[in-house]
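The following exercises concern the structure shown below.

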Amino acid sequence: MTSATTTSEIFRAPRRLLRRSHVFATLFVVLLAVVMLAPLVSLGAIARQGDADIWPHLAAYVLPRAIVDTSLLLAGVAALTAVIGIGTAWLVTTYHFPGRDALCWLLPLPLAFPTYIVAYVYVDILDSAGPVQSLYRALFGYETAAQYWFPPIRSIGGAILVMGLVLYPYVFLAARAMFQTQSASLIEVGRTLGASRWMLARHVALPLARPALAVGLSLALLETLNDIGASEYLGVQTMTLSVFTTWINRSSLPGAAQIACVMLIAIVALMVLERYGRRHRRFIVSSRNSRIAQRIPLKGRAGFAAFALCILPVLLGFALPAAVLLLEVIRRGLLIGFDPDLFGHTLTTVSLSAAATVIAIVLGLAAAICVRMAKTHLASFAIVVAGLGYAVPGTVLALGLMTPLVSIDETLNALARALGAPHMGLILAGSSAALIIAYVLRFLTIATGSAQAGLARIPHQMDDVARTLGEKPAGVARLIHLPLSRATLGGAALLVFVDCLKELPATLLLRPLNVETLSTYIYQFATRGNFEEGSLAALIIVAVGILPVIHLTRFADIAPAPVASSTGR
């Protein structure tokens, strides 16, 4: 009897400790979700404070054009990114042609460019004072731009072209990964039934790749919604830009919040619609006895045509803007010299991005470990909510953050007064801390998603063995989870860092006075009409942005297919 009681006590103590750990783990993830929801709740509260005259004005003069422009822009970008991304992915995974291996690495490169930098470059090239129209006038004998018609780059069509050329790699990477892993058996069955290449693509490859394509398109459209630099420069009055101009130019915080609320409703509706469209459409290809489809050789004109179709978006989306930037950097450096303040702005940008990256990775890893430990529906739901920041445009997030941060500052100042300490001012809302918080909330989903993917590769039995050997949850995380998911976390840190580096909307609204980052430094020159002055800063952003693109490309290249020995249909 005494022995049984002792054994029961031995097992009961670890169980109590385990239950307590699970409770704390769930509470941590729920708290993270509450912090993420705070700006959105604040946004609704600000919108309710507006006077009765604001909404009729917005509904009559601002929202109609904003909704039409945003809808046209999203539809155009979705169509262009889908055509380029799916088409090039299908060519490089199905066929083997000269230059195909190099194109697999070159096609994702436009992702290194922020959309606003490419917009500035294309306006510089294609506007009436640019080299293209100057050459056109010289060739055909025109003296002024009013004597002929030329497609305007400052238009919705120009914005669709620019954003499509930059954002198609999201669809390309997703489509390529799915096309690579599709089993050869399905393709061969289709061929034996007499299906042509077009029918195989339409009825087999595309339906199987639909979930991944939806994710790629969603990322491209969320980046389009977040943009204000390219939209403003190209004259497209999107809803995000309307939030920005209503807040800054019209000094109407409630009006901006009301537009932001309308936009959030639209984003949620799009997400629900996308998930509804993918219901009951999960496809699983068994890895047992599966073979990867062999690539079909293309020679002669067919091979050249495939190469030309794939290299064109690389030239327009990366090579041309990079060449223009490099030319301007060389010209400005030789003739005028570079701004000595640029080094300080670069240091500020790197410091802010690095701080946000470290916090996001630590929080993301901690949240992923907590969900793994707790294994509850509440924790799983909370980590999804905590990762909503990527779907919220930076302008909206900045707008919603102001009230909570000011409230915390007022509380701290009240405590300081009660304790007889001096007034501390706006510690969070008036400093770089607000910017770092915005970065962390916006890009936390990258950290949590990557951490969960890394932890998923670690068997749960390893956790159980470590716990039976007496290791506490913190020790399991330190000795097992962190070392085995280090590579995944490194890639995530690179992505978060570069996204912080490129982020413009939240930085414009939340940066403290007299603080410039590389993105705002470029923006201020572009708004003055002399973007060339910021070409070196733009080139620095692009050079750093290439690193995560290489990482993404390597990650997507998971199953290279061999070349077929004979031509197929």
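**Exercise 1. A residue in a helix**

In which helix does Asn 226 lie? Determine also whether Asn 226 counts as buried or exposed, and list the residues that Asn 226 touches.

Solution. The model is a predicted one.

Step 1: Asn 226 belongs to helix α8, which covers residues 197-226.

Step 2: The relative accessibility of Asn 226 is 6%. Buried means under 20% relative accessible area. Asn 226 therefore counts as buried.

Step 3: Leaving aside residues up to four places away in sequence, Asn 226 touches Thr 240, Pro 393, Gly 394, Arg 442, Glu 503 and Pro 505.

**Exercise 2. The chain as a whole**

State how many helices and strands the chain has, what percentage of its residues count as buried, and what percentage of the contacts between residues at least 6 apart in sequence join residues at least 24 apart.

Solution. Step 1: The chain contains 22 helices and two strands.

Step 1: It has 569 residues, of which 48% count as buried.

Step 2: Of the contacts between residues at least 6 apart in sequence, 82% join residues at least 24 apart.

**Exercise 3. Packing of α13 and α16**

Describe the packing of α13 with α16 by angle and distance, and classify the arrangement.

Solution. Step 1: Two packed helices are described by the angle between their axes and the distance between the axes. For helix α13 (residues 341-374) and helix α16 (residues 432-456), the angle is about 40 degrees and the axes are 6 Å apart.

Step 1: This angle makes α13 oblique to α16, since angles under 35 degrees count as roughly parallel.

Step 2: The crossing in which α13 passes α16 is right-handed. The residues of this contact comprise 21 nonpolar, four polar and one charged.

**Exercise 4. Packing of α4 and α21**

Classify the arrangement of α4 and α21, and identify the residues that meet.

Solution. Step 1: Helix α4 (residues 115-126) packs with helix α21 (residues 518-527) at an angle of about 30 degrees, and their axes are 11 Å apart. That angle makes α4 roughly parallel to α21.

Step 1: The crossing of α4 past α21 is left-handed.

Step 2: From α4, Tyr 116, Ile 117 and Tyr 120 take part, and they meet Ser 519, Ile 522, Tyr 523 and Ala 526 of α21. By class, the contact of α4 with α21 has six nonpolar residues, one polar and no charged.

**Exercise 5. Helix α18 and its partner**

Compare the reach of α18 with the expected value, name its buried residues, and describe how α17 packs with α18.

Solution. Step 1: α18 has 12 residues and spans 16 Å from its first C-alpha to its last, close to the 16 Å expected at 1.5 Å a residue.

Step 1: Buried in α18 are Pro 473, Gly 475, Val 476, Ala 477, Ile 480 and His 481.

Step 2: Helix α17 (residues 460-468) and helix α18 (residues 473-484) pack at an angle of about 145 degrees, with axes 10 Å apart. The crossing of α17 past α18 is right-handed.

Step 3: Met 462, Asp 463, Ala 466 and Arg 467 of α17 meet Pro 473, Val 476, Ile 480, His 481 and Leu 484 of α18. This contact has six nonpolar, one polar and two charged residues.

**Exercise 6. Leu 536**

Is Leu 536 buried or partly exposed, and which residues does Leu 536 touch?

Solution. Step 1: Leu 536 lies in helix α22 (residues 535-556). With a relative accessible area of 21%, Leu 536 is partly exposed.

Step 1: Val 329, Phe 338 and Leu 342 are touched by Leu 536, not counting residues up to four places away in sequence. The C-alpha atoms of Leu 536 and Phe 338 are separated by 8.1 Å, and the two residues are 198 apart along the chain.

**Exercise 7. Positive phi**

Locate Lys 375 and Asn 514, and give the phi of Lys 375 and of Asn 514.

Solution. Step 1: Most residues other than glycine have a negative phi.

Step 1: Lys 375, although not a glycine, has a positive phi of about 55 degrees. Lys 375 lies in the loop between α13 and α14 (377-386) and counts as exposed at 61% relative accessibility.

Step 2: Asn 514 has a positive phi near 65 degrees. Asn 514 is placed in the loop between α20 (505-510) and α21, and is exposed with a relative accessible area of 83%.

Conventions: Residues numbered from 1 in each chain as written. Predicted model: local features only at pLDDT ≥ 70, side-chain atom pairs only at ≥ 80, totals over all residues. Heavy atoms only, no water. Axes fitted to C-alpha atoms, helices over the stretch in contact; angles between N-to-C directions. Helix = DSSP H or I, 4+ residues; strand = E, 2+ residues; numbered from the N terminus. Parallel < 35°, antiparallel > 145°, perpendicular 65-115°, else oblique. Left-handed = near helix turned anticlockwise from the far one by under 90°. Nonpolar A, V, L, I, M, F, W, Y, C, P; charged D, E, K, R; others polar. Buried < 20%, exposed > 50% of the residue type's maximum accessible area, 1.4 Å probe, protein only. Contact = heavy atoms within 4.5 Å. Expected span 1.5 Å × (residues − 1).
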